[in-house]
Amino acid sequence: MTGRAPKAARKASSSSAGIHGIVVAAHGRHYLVAPEGGGAPLQCFPRGKRSEVAVGDRVVYEPTSADQGVIVEIAERRNLLYRSDQYKSKLFAANLDQLLIVLATEPHFSQDLLGRALVAAEANELKPLIVLNKIDVEAELAGARMRLERYRALGYPVLEVSIKAQPDAALEILAEHLHDHATLLLGQSGMGKSTLVNLLIPDAEVATREISTALNSGRHTTTFTRLYPLQDGGALIDSPGFQEFGLHHLTEGTLERAFPEFRPLLPHCRFYNCHHLQEPGCAILEAVADGRIARERHTLYAQLVHEASQIVR
């Protein structure tokens with residue numbers, strides 16, 4: 001798989017002889033599909049080696065046995081969130097409404113990963129929610145809040161919780177934001193992502209074991225993406241932790257618009273094809289120089305533009 005955008009999903013036909021379902025888990029090329037009308041999920045494989053399927057995809061499948069099937073069509077997606085480097089892409093999920101990014105007061109979170117996740121959300125027109133966990137660790141709280149201040153100033157909501165110390169309060173804060181939305185959960189290891197899943201999905205550990213068995217014929221693994229329906233409507237999609245978030249597939253035009261502080265200034269550059277890197281009369285660079293745009297945010301933009309320009313020959 002190259003770093004190019006994944007091939008567009010085919011639109012599922014309502015007249016298809018197959019059964020409609022939704023992909024609720026993925027591990028490699030193994031997928032678990034829940035029938036639209038209810039019933040036990042089936043392990044399914046896509047027809048064709050190059051077919052790319054994501055959790056959250058609505059599909060048409062044909063059963064091949066009591067517990068297995070073949071995915072024959074993928075319905076048109078509202079969106080598809082994925083990360084990519086020069087060589088390959090890694091799908092997160094499809095048909096999302098929002099992105100929930102879990103951070104913690106300790107260990108220190110990566111502002112680079114946070115910035116990249118926010119860019120990905122903007123590029124896919126997803127609502128981003130930042131969750132700062134472990135606020136009961138008071139010695140680290142002020143520092144974490146300071147590091148998040150620039151994102152608050154940009155209008156990104158920051159929800160402060162302590163999932164282990166105050167689970168009921170955390171549940172109340174989060175529930176209103178998750179209701180009736182398809183939410184992808186992202187976070188580095190150690191931030192409390194698994195604890196959050198167990199808080200929101202009381203039987204998550206049991207469901208994880210069942211999904212693992214269904215996907216891998218009994219071999220236990222938790223390194224897969226899975227979708228959990230929420231009791232009050234909507235769905236939570238959990239993905240494995242990661243340390244890199246490449247966005248090689250985003251064009252320069254998409255990147256400049258994915259920084260909300262850039263957008264009002266874009267029409268004011270001297271040149272219509274300004275790259276906002278070193279051009280004279282650049283409104284973005286002027287805003288960086290006088291402090292209206294954080295230098296670290298522009299550095300991230302420049303890095304992403306550089307990465308997107310790298311072509312494997």
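**Exercise 1.** Find how the axes of helix 3 (residues 167-178) and helix 4 (residues 193-200) cross.

Solution. The two axes come within 10 Å and cross at roughly 80°. That makes helix 3 roughly perpendicular to helix 4 (65 to 115 degrees counts as roughly perpendicular). Next, list the contact (heavy atoms within 4.5 Å). Helix 3 contributes Pro167, Ala170, Leu171, Leu174 and Leu178. Helix 4 contributes Leu196, Leu199 and Leu200. Finally, sort the residues of this contact: eight are nonpolar, none polar and none charged.

The model is predicted: local features need pLDDT of at least 70, side-chain atom pairs count only at pLDDT 80 or more, and totals for chains, interfaces and linings use all residues. Residues are numbered from 1 along each chain as its sequence is written, and side-chain values use heavy atoms, with hydrogens and water left out.

**Exercise 2.** Classify the ring pair of Phe259 and Phe262.

Solution. Pairing requires ring centres within 6.5 Å; planes under 30 degrees apart count as stacked, over 60 as edge-to-face. Here the centres are 4.9 Å apart and the planes lie at 20°, so the pair is stacked. Phe259 is buried, at 0% relative accessible area (buried means under 20%, with a 1.4 Å probe and protein chains only).

**Exercise 3.** Which kind of pair do Phe262 and Tyr301 form?

Solution. The centres are 5.3 Å apart, with 70° between the planes: edge-to-face. Phe262 lies in the loop between helix 6 (252-257) and helix 7 (283-289), and Tyr301 in helix 8 (residues 295-309), 39 residues apart. Both Phe262 and Tyr301 are buried. Ring pairs join Phe259, Phe262 and Tyr301 into a cluster.

Terms used. Phe/Tyr/Trp six-rings, centres within 6.5 Å; stacked < 30°, edge-to-face > 60°. Buried < 20%, exposed > 50% of the residue type's maximum accessible area, 1.4 Å probe, protein only. Helix = DSSP H or I, 4+ residues; strand = E, 2+ residues; numbered from the N terminus. Axes fitted to C-alpha atoms, helices over the stretch in contact; angles between N-to-C directions. Parallel < 35°, antiparallel > 145°, perpendicular 65-115°, else oblique. Nonpolar A, V, L, I, M, F, W, Y, C, P; charged D, E, K, R; others polar.
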